Each structure stands twice: as structure tokens, then as C-alpha cells.
Amino acid sequence: MPLRTHYVSPAAQARHVLALTTKTWRIPPSSAHEVARRAPHGYVPVRALRRLHAAAALALLPHSW
């Protein structure tokens, strides 16, 4: 009797097994690009967030002229 899984393809099942293994063994991703690719929708890189915060801080400062 075949095992019933909710995965559509063997590739999807392999990705799931690898994800569980890396999470369980606490293996860090190989690159920042991989982290961004795995991130939930709406992920903003840290550099972009820093730029955004710096621009917001400058906009809040009063002009001294």
C-alpha cells in the first residue's frame, strides 16, 4: 500500500524533507539569497530597511535654515 502524502510531486516532497532536516539540525542557509527566497511574502532586505529608516529619520528632522 503506497504512503499517502499531501505533496504533489517527489521534488516537493524532497524539498519538504530537506527543509525539515535543516530546521531540525539547525543548519544555516548557504547564502543571503537563499534566505530571501525562503522568506514569506513581503520580505524586505535589511539594507533596504536601513535606507528606509534613515530617510524617515531625515524627513522628521526640522530644517535649520
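A: The model is a predicted one, and its secondary structure comes to 3 helices and 0 strands, so that, read from the N terminus on, the elements run α-α-α. Buried residues make up 3% of the 65 residues in the protein, where buried means under 20% relative accessible area. The accessible surface of the protein comes to about 6700 Å², and 67% of that surface belongs to carbon and sulfur atoms.

The part to look at closely is a nonpolar patch on the surface, which is formed by Val44, Leu49 and Leu52 and has about 250 Å² of accessible area when the three are taken together. Of these residues, Val44 lies in the loop between α2, which spans 32-38, and α3, which spans 46-60. Val44 has a relative accessible area of 39% and therefore counts as partly exposed, because that class covers values between the 20% limit for buried and the 50% limit for exposed.

With 75% relative accessibility, Arg26 counts as exposed, since exposed means over 50% relative accessible area. The backbone of Arg26 also deserves attention, for its phi is near 55 degrees, which is a positive value in a residue other than glycine.

Terms used. Residues numbered from 1 in each chain as written. Predicted model: local features only at pLDDT ≥ 70, side-chain atom pairs only at ≥ 80, totals over all residues. Heavy atoms only, no water. Patch = residues over 30% accessible without salt bridge, like charges linked within 9 Å, V, L, I, M, F, W, Y side chains within 5 Å. Areas by Shrake-Rupley, 256 points an atom, 1.4 Å probe, with all protein chains shown as cover. Salt bridge = Lys/Arg side-chain N within 4 Å of Asp/Glu carboxyl O. Helix = DSSP H or I, 4+ residues; strand = E, 2+ residues; numbered from the N terminus. Buried < 20%, exposed > 50% of the residue type's maximum accessible area, 1.4 Å probe, protein only.
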